[in-house]
Amino acid sequence: MRVAVIGSGIGGLLSACLLEEKGFSVDVYEKLPYAGGRFTNISYRGFELSTGALHMVPHGNKGALAKALKKVNADVEIVEPKPEGMFRIKNRNYTVNELPELFSLRDKLSLLRILAELKYGRGGDESFKEWLRKRSKNELFYRIANSFAGWSLSIGIEEISSREYIRITKNVNKLRGPGIPIGGCKAIIDSLLDIVENVFLRKKVDRIIVENGKAIGIEVNGQRKFYDIVVSDVGPKETLKLAGEENFPRSYVSSIRNLKEAEGIKVQIASKKPILEFGGVLFTPEAERVAGLNEVTSVDETIAPKGYHLIQAHAPLKSSDVEREISLVLKDLNNIIKDFKKNCEILLIQVFRKKYPVNRVKQGTSLKFETPIKNLYIVGDGVKASGYMETEGIAKRVLELVEVIS
Ligand SMILES: Cc1cc2nc3c(=O)[nH]c(=O)nc-3n(C[C@H](O)[C@H](O)[C@H](O)COP(=O)(O)OP(=O)(O)OC[C@H]3O[C@@H](n4cnc5c(N)ncnc54)[C@H](O)[C@@H]3O)c2cc1C
């Protein structure tokens, strides 16, 4: 069976490797001159800056991505930093276990109840913000939960259901994380490129050929190429355009049009001094925009020139006034990092929105990888599995897809 994969993002490459492992003959088409999409590195003055992801695998060696990588024998090392995360509150860093120190006895009891519900509860359709407000009026609880959602999902807790937030925290409790791939995101992409037979760069797919409700191939540079299966890693909206909206039921078209992206701002910073001094995530609940920072160089020195650290800050995009949003992010960085202007140099500020977002679909929106068109499937961050963040959600769905079609 011949498969065309459109797009060489992590979703496309994982699909290609796992399908090849099952005996399919796979061709990957990528419009850009490099593979990896929003999960690879750009080398700049010796720093390995990422095109998107924060050089982290959400559940380290225990998650779905690690499982998929192991399945195809990808040669990549993922290191799990300790502590995994800390919270910067009132100029001090707290581990999760130290957080109760911040609260009165009454709030401590509420916190214990909330943590128990996060572990054993189910949640529902109401937003996590509403859910939390019913359990406590303490503003700091809200801010802590919001910084986690802002860093991990690039949304606020008013934008996610309590059901989805609780599924995610259950997986964090069970699978832990994050992990850092040595060599950054690109190390994972390179390990997959070593396995996939045919990846064609600078080959933009212009059309998915559909006949009688069935995908039968693709069109590239005016040439028709025929395949048994087409796997699209370009997102639900773009897939619809490539295959022609007229080929889908109206209800499907409107459900795709209504999907909302998660948008964000990332700042990549160089420093000669370590700023965080650990490899996990520093969540910043008191900041106005920045949800957290990481310093991957505390674990992986290969991604910065000798003697330098690479710090990354992430903030969800809260409005379409990008200039103002950037200035609020920079104001936060000045407050969070001591002597920011003196010790740090901003290498790159990236805004992820519209067609190049953080997530093509906000976490918790469930869309199937099957489409109404036979033999056409969607992978990537538009069809993530519920309860699984970022590339974990992508990998989980790709593993399921491969079982379905093989
Ligand atoms: C700021 C930020 C921080 C993040 N942090 C993390 C993190 O730390 N950990 C984590 O796990 N995830 C993180 N993510 C999310 C992660 O980067 C994405 O979920 C993931 O990279 C998406 O992969 P994908 O395969 O769905 O899509 P993409 O990476 O977008 O790949 C799609 C590919 O398709 C190609 N393409 C598009 N159209 C065509 C066409 N017509 N023909 C051929 N090729 C085409 C594109 O060029 C691209 O290469 C982050 C994202 C951002 C933006």
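Guide: The place to begin is Ser 50, where a polar atom of the side chain lies 2.3 Å from the backbone oxygen of Ala 53. A polar contact is a pair of N or O atoms within 3.5 Å; within protein, one must be able to donate a hydrogen and the other to accept it, and residues adjacent in sequence count only if both atoms are side-chain atoms. The model is a predicted one, in which local features need pLDDT of at least 70 and side-chain atom pairs count only at pLDDT 80 or more, while totals for chains, interfaces and linings use all residues. Residues are numbered from 1 along each chain as its sequence is written, and side-chain values use heavy atoms, with hydrogens and water left out.

Ser 50 belongs to strand 4, residues 47–50. Strands (E, at least two residues) and helices (H or I, at least four) are DSSP runs, numbered from the N terminus. Ser 50 counts as buried because its relative accessibility is 0%; buried means under 20% relative accessible area, exposed over 50%, and partly exposed in between, with a 1.4 Å probe and protein chains only. Neighbours within four places in sequence aside, Ser 50 is in contact (heavy atoms within 4.5 Å) with Thr 40, Asn 41, His 55, Cys 185, Lys 266, Gln 268, Gln 312 and Gln 350.

One of these partners, His 55, deserves attention of its own. His 55 sits in the loop between strand 4 and helix 2 (64–71). Its relative accessibility is 0%, and it therefore counts as buried. The phi of His 55 is near 55°, a positive value in a residue other than glycine. Most residues other than glycine have a negative phi, and most peptide bonds are trans. Lys 90 likewise has a positive phi, near 50°. Lys 90 lies in the loop between strand 6 and strand 7 (92–94), and at 59% relative accessibility it counts as exposed.

Two peptide bonds in the model are described as cis. One joins Lys 82 and Pro 83, with omega about -5°; Pro 83 is in the loop between strand 5 (78–79) and strand 6 (85–89). Another runs from Gly 177 to Pro 178, with omega near 0°, and Pro 178 occupies the loop between helix 6 and strand 8 (180–181). Just after helix 6, Arg 176 takes a positive phi of about 60°.

His 309 lies in strand 17, residues 309–316, and counts as buried because its relative accessibility is 15%. Its side chain makes a polar contact of 2.9 Å with the side chain of Thr 297.

Just after helix 1, Gly 23 takes a positive phi of about 100°.

On a 1 Å grid over the protein atoms alone, a cavity is a set of points where a 1.4 Å probe fits but cannot get out, and lining residues have an atom within 4 Å of a point. Grid points are joined across faces, edges and corners, and a volume is the space filled by probe spheres set on the points. The count comes to two cavities of 30 Å³ or more. The largest has a volume of about 60 Å³, and its lining includes Glu 164, Lys 362, Asp 381 and Lys 384. The second largest cavity holds about 30 Å³ and is lined by Leu 18, Glu 21, Lys 22, Lys 71, Leu 399, Val 402 and Glu 403. Helix 1 and helix 12 (390–405) are the elements that give two or more residues to this lining, and helix 12 supplies the largest share, three residues.

Definitions and conventions
1 Å grid on protein atoms, 1.4 Å probe; cavity = no way out; pocket = protein on both sides within 12 Å on 5 of 7 lines; lining within 4 Å.
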